[in-house]
Amino acid sequence: MSEMLLKNFYYGNEINDPDALMFWPRQALGQELSDEQLNRIQSNVTQFFSTKLGGNFGGSITAGDATVIAAIMEMVRPVEMIEIGVAAGFSSAFILAYAAVSGLVKDRTYLHSIDLNVELKPGQLVGNYVRENYPALLPFWDFNTRQTSATMLDKTFDIKLHGDGPVVAFVDGGHEHPWPLIDIIYLYHKLPRGSWVVMQDVQMMERWIADMVVLNFPIPPSQRGVNYVASHWPGTKKLGFKMAYNSAAICLDIPEWQFRGFIEECCRYPFETDFDRQDLLKRYSSGAR
């Protein structure tokens, strides 16, 4: 029954279907990427997701999501990246591994990652997937725990970028509104104008409905924060579809007056979690930093 109900749904890990796997990169960015780049995306995403290693404790990106990350990396050719939200470190490992095979890694830090947690559950150390399975990539990883975009906006901690080239960010932190908005506020003011941000779980509710059909799980309370940000972003953006349906990429290419209006528009939606930092939203929507 579930196969019939979900016959038009991609989970995102159907790497045995190369046409489906590469549909988003070819359709969304085919004019910006060469055949060599597209072939590199296909071969390395397929290899990474075919390799079964221990230490991944769920909630990780799919192969479809990875094609979005890799395609934006190929288009921008960033000299470094920021990652907000690490969990097991599966996405961190993919970013570092892909940067290495695509010639982006130099003899210095490439990926700057932050996460609120040190441990999700007993025995589930945040970031341990990289430590256990990709130790050779650790010298290129700047990983920090007990940090959020709010602490960085407060300047109690901040990522130290090299500052000598383009930067791409990947956001997969707290999905409850307004946390994805706080992430974008930080990145908008941190990164050079025109930088790209890949956002994960844009269509989380769609995925949860599929899980309900397959696993007979009740749907949790809504988490539409990423969807609000991607839907209302007034600048350049690339929305996901097919296997990449749960990702989106936005370009930080709007002026500050328009960004303040974007914050106000997103704040019209009710918060989905207890949030005691309205001062940050007021500060950055008014332009008074």
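Biologist: How far apart are Arg-283 and Asp-279 in helix α13?
Modeller: About one helical turn, because these residues are four places apart in α13, residues 278–286. Helices here are DSSP runs of H or I with at least four residues, strands are E runs of at least two, and both are numbered from the N terminus.

Biologist: What should I know about the model before going on?
Modeller: It is a predicted model, in which local features need pLDDT of at least 70, side-chain atom pairs count only at pLDDT 80 or more, and totals for chains, interfaces and linings use all residues. Residues are numbered from 1 along each chain as its sequence is written, and side-chain values use heavy atoms, with hydrogens and water left out.

Biologist: How do the side chains of Arg-283 and Asp-279 meet?
Modeller: Here is the general idea. Side chains of opposite charge can pair when their charged atoms come close. Arg-283 and Asp-279 form a salt bridge at 3.6 Å, N to O, the rule being a side-chain nitrogen of Lys or Arg within 4 Å of a carboxyl oxygen of Asp or Glu. Asp-279 also has a salt bridge with Arg-277, at 2.8 Å, N to O.

Biologist: How many salt bridges does the rule give?
Modeller: The count comes to ten. One of them joins Asp-211 and Arg-207 at 3.7 Å, N to O. Both residues lie in helix α10, four residues apart, or about one turn. Asp-211 is buried at 18%, and Arg-207 is partly exposed at 23%.

Biologist: Which residues are linked in a network of salt bridges?
Modeller: Look at Glu-36, Arg-40, Glu-74 and Arg-77. Arg-40 of α4 and Glu-74 of α5 are also among the residues that make the contact between those helices.

Biologist: At what angle do α4 and α5 pack?
Modeller: The angle is about 140°, and the axes are 10 Å apart. Axes are lines fitted to C-alpha atoms, for helices over the stretch in contact, and angles run from 0 to 180 degrees between N-to-C directions. The contact (heavy atoms within 4.5 Å) includes Ile-41, Val-45 and Phe-49 from α4, and Ala-66, Ala-70 and Ala-71 from α5.

Biologist: What does Ser-92 touch?
Modeller: Leaving aside residues up to four places away in sequence, Ser-92 touches Glu-83, Val-86, Leu-111, Ser-113, Val-130 and Trp-141. Ser-92 sits in helix α6, residues 90–101, and counts as buried at 0% relative accessibility.

Biologist: How should I read the backbone?
Modeller: Most residues other than glycine have a negative phi, and most peptide bonds are trans. Arg-77, in the loop between α5 (63–76) and β1 (80–84), has a positive phi near 55°. Asp-201 has a positive phi near 70° and lies in the loop between β5 (196–200) and α10 (204–215). At 30% relative accessibility Arg-77 is partly exposed, whereas Asp-201 is buried at 13%.

Biologist: Where is Pro-178 placed?
Modeller: Look in the loop between β4 (167–171) and α9 (179–190). The peptide bond from His-177 to Pro-178 is cis, with omega near 15°.

Terms used: Buried < 20%, exposed > 50% of the residue type's maximum accessible area, 1.4 Å probe, protein only.
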